[in-house]
Amino acid sequence: MKQPLVTVNKSVRKIDGLSMATGRAQYVDDVHVRGMLWAKLLASPHAHAKILDIDISQAQKIPGVVCILTHKDLPRVPHTTAGQGYPEPSPYDSYVLDKKVRFVGDRVAAVAAETRDAAERAVRAIKVTYEILTPVLDAEHAMDDDAPKIHDEEDSLRIADPEKNLAAEVGFSVGKNFFEDSDYIFDRTFVTQYAQHCPIEPHITMAWFDEQDRIVIRTSTQVPFHARRIVAQALRVPVKRVRVIKPRVGGGFGAKQEVLNEQIVAALALATHRPVKLEYTRAEETISARTRHPMIIHLRSGLKKDGTITDFDLDVISNTGAYGTHALTVGCNTGSKVLPLYRAKNVKFNMRAVYTNMPVGGAYRGYGATQGAFAMECLIDEMAERLAMDPLEFRKRNHIRLGESSPVFKALGEGREGVAQSIESCGLDQCIDLGAREIGWREKHGKPKGKGPIKRGVGVACLMQGSSIPGIDMGAATIKMNEDGSFNLLMGATDLGTGSDTVLAQIAAEVLGIRESDIVVYSSDTDMTPFDVGAYASSTTFLSGMAVKKAAEQARDQILHVAGKMLETDPADAILQDGMVVMANGRRLSLKEVALHSLYILDQFQIMGSSSHITHTSPPPFAAHFCEVEVDEETGQVTVLSYVAAVDCGTAINPRLAEGQTEGAVLNGISYALVEEICFDPKGRPRNATWQYYKIFNTQDAPPIKTILVPTWEPTGPYGAKSVSEISINGPMPCIANAIYDAIGIRLREAPFTAEKVLKALKLRARGRRME
């Protein structure tokens with residue numbers, strides 16, 4: 001008996017919404033442990049230097065100072081801070097504390113004190129003697145023969161070529177006789193900038209010892225299980241001695257996929273045998289945490305006169321900064337999440353992630369696809385223009401379709417060879433049609449708009465992403481039934497404020513025929529919940545959701561078995577509905593009756609299910625983004641007037657939360673496209689490390705954003721679902737760039753699109769016309 005969806009695909013209330021709105025939700029800093037010490041880190045003022053001596057004598061004399069750690073006090077264990085599955089594809093090039101610093105903001109020493117003031121005073125009192133080295137500040141010249149070597153230590157592992165400052169490299173080539181059949185060849189270079197995640201809650205970590213003398217780490221993280229493993233590795237303690245708890249998180253966006261401070265906080269707790277807390281300031285978050293990888297993207301493409309794309313050749317230089325966290329996998333995604341979108345018989349990709357003495361690139365929502373989509377979608381627009389073809393028609397003619405595959409899927413995964421797959425769900429044509437109608441494409445594109453210096457234009461970008469990392473990522477869940485017919489759902493999946501606890505409860509409730517409010521969710525505690533890789537790679541709904549569904553199905557089957565025995569009826573055609581077991585003959589039992597019978601009456605056992613799930617495919621969500629912009633040719637100011645994001649995420653488990661994810665990603669992307677950029681002085685020091693000088697868009701800056709969810713059914717996902725969280729950050733940069741071109745006829749290939757860059761481009765165009 002097939003039942004219509006009751007809880008899934010419904011915008012139910014977020015299960016933690018009330019507690020968060022009333023301030024009762026517990027974040028890391030909402031718990032105080034008696035005897036807590038304050039930690040502060042001494043950061044390097046130099047981009048590249050050796051530490052010759054550290055004098056802590058004066059700092060130790062400051063009242064309240066309990067402990068000071070330097071590289072001399074800790075085991076030297078090479079590891080990566082990238083929160084990825086084991087074995088991590090990132091190089092082991094980091095140390096908890098090292099005798100060399102490689103960027104401004106690199107850690108030199110750690111202090112624990114009775115008060116924050118004492119800790120800050122102690123940090124200032126530490127005297128460090130440096131041998132200042134020549135820094136590498138330009139990614140294009142990082143591999144020059146005479147460039148200083150950033151990682152010259154002998155014990156780091158998995159660095160592609162430390163002599164060339166090459167952290168990671170990957171490439172493939174499919175096809176032959178490149179560009180031989182092309183009527184037109186395009187050759188363009190695109191540049192993206194440094195940007196910071198800007199979570200409202202910065203990195204914060206606490207550590208203490210429980211009654212069994214185990215280290216308990218309460219931390220704002222996306223990857224609690226990876227954090228446990230990496231802390232144990234870096235400090236040479238058994239995994240069984242470490243417990244990691246993730247409470248509510250005030251935003252992550254990839255920044256907290258980094259196991260950044262958990263090691264040093266645990267080290268201070270071990271040294272003092274006292275509770276310790278470390279919280280970054282906003283400036284520390286910008287300078288010492290992680291950023292989006294700046295990239296130089298060289299894209300060549302071939303085109304026939306009939307509109308067939310023949311070739312893509314994508315070459316990427318990615319600036320990973322001082323350490324290679326996520327260097328390989330972010331670079332892989334620049335190709336793997338972009339190149340399959342359009343068919344071409346010849347495809348080539350090469351990516352080099354280079355070390356510089358600049359801030360460290362890490363995971364950031366979009367994860368490399370953001371940069372790649374900028375280049376691809378701008379060039380796709382140019383190709384359509386060369387043929388005098390509408391950009392929408394050109395995209396429809398060339399994008400991948402249902403039942404089709406791409407050689408890129410097999411050639412390129414995340415850090416290793418990918419997985420061959422075919423497209424089993426695709427609503428991109430509908431996304432294009434609905435989005436175009438909403439923005440008024442037919443009426444506005446290519447038409448003269450605006451009076452005087454104010455010009456208007458519309459732009460488009462099409463996108464794809466992925467859903468989990470096939471063959472690598474795994475999630476697990478356990479669900480157990482209580483006496484009143486409610487359930488406890490235990491899972492390692494990590495809710496960052498995105499609503500995944502709610503979404504996963506909805507999936508379980510759909511299986512069990514109950515309301516999501518009848519499920520008590522507990523997630524992300526390495527002692528109490530099953531394993532999950534964490535919140536990254538757009539995996540939670542697709543991967544963890546399937547684990548929850550399978551666990552709930554086990555519990556459902558046990559419920560039906562018990563009910564059948566109670567009613568002496570074959571439960572083969574029975575269903576669970578509205579908290580009841582409903583037999584085919586109409587007889588009913590409440591879940592409470594079944595629970596009490598199973599626990600107390602006869603053949604007692606705990607009704608529960610526990611299951612794991614690993615994927616062997618990564619079905620892409622698709623999207624078509626549209627925007628209308630206004631450009632002032634006198635000031636260069638670009639204003640986004642309206643934005644439309646039409647998204648195919650399969651079945652939206654919770655449409656309102658899917659819309660929220662989309663709108664948040666779009667605003668983040670608009671901010672990245674127009675204003676966000678970390679600026680540096682000639683010595684590699686950030687000049688705008690606080691929000692007073694680092695502009696991010698907020699709700700007052702936001703244009704009207706319209707989300708259109710286009711339903712499809714993905715057979716490999718829970719109730720037809722695919723991912724939704726990352727894809728929409730990839731659209732604004734190319735979409736706005738294409739709209740600027742439609743407005744004033746200038747193509748911008750270096751972000752962000754500031755007024756200064758627009759004016760410079762206008763002046764260059766005017767100069768060229770005068771020369772003609």
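The talk below takes some of these words in turn and sets each against its definition.

Modeller: This is a predicted model, in which local features need pLDDT of at least 70 and side-chain atom pairs count only at pLDDT 80 or more, while totals for chains, interfaces and linings use all residues. Residues are numbered from 1 along each chain as its sequence is written, and side-chain values use heavy atoms, with hydrogens and water left out.

Biologist: Why is Ser728 called buried?

Modeller: Buried means under 20% relative accessible area, exposed means over 50%, and partly exposed lies in between, with a 1.4 Å probe and protein chains only. Ser728 has 0% relative accessibility, and therefore counts as buried. Ser728 is found in the loop between β28 and α17 (732-744), where helices (H or I, at least four residues) and strands (E, at least two) are DSSP runs numbered from the N terminus.

Biologist: What does Ser728 touch?

Modeller: Contact means heavy atoms within 4.5 Å. Not counting residues up to four places away in sequence, Ser728 touches His625, Ala645, Val647, Thr662, Ala665 and Val666.

Biologist: What makes β26 and β27 a pair of strands?

Modeller: Two strands pair if DSSP finds at least two bridges between them. Strand β26 (residues 622-632) and β27 pair in the antiparallel sense over 10 bridges, and Glu628 stands opposite Ser642 in β27. The two strands β26 and β27 form a hairpin with 5 residues between them, and Gly636 in the turn has a positive phi of about 85°. Strand β27 (residues 638-648) is mostly covered, with 9 of its 11 residues buried.

Biologist: In which sense do β27 and β28 pair, and what kind of unit do they make with α16?

Modeller: Strands β27 and β28 (residues 705-709) pair in the parallel sense over 5 bridges, and Tyr643 stands opposite Ile705 in β28. With helix α16 (residues 655-674), β27 and β28 make a right-handed β-α-β unit. A crossover is right-handed if, with the strands pointing away from the viewer, the path from the first strand over the helix to the second runs clockwise.

Biologist: How many cavities are there by this kind of rule, and what lines the largest cavity?

Modeller: On a 1 Å grid over the protein atoms alone, a cavity is a set of points where a 1.4 Å probe fits but cannot get out, and lining residues have an atom within 4 Å of a point. Grid points are joined across faces, edges and corners, and a volume is the space filled by probe spheres set on the points. The count comes to 3 cavities of 30 Å³ or more, and about 240 Å³ of space lies in the largest cavity. The largest cavity is lined by 22 residues, of which Lys337, Leu412, Gly413, Pro470 and Ser618 lie nearest its centre.

Conventions. On a 1 Å grid over the protein atoms alone, a cavity is a set of points where a 1.4 Å probe fits but cannot get out, and a pocket is an open set with protein on both sides within 12 Å along at least five of seven lines; lining residues have an atom within 4 Å of a point.
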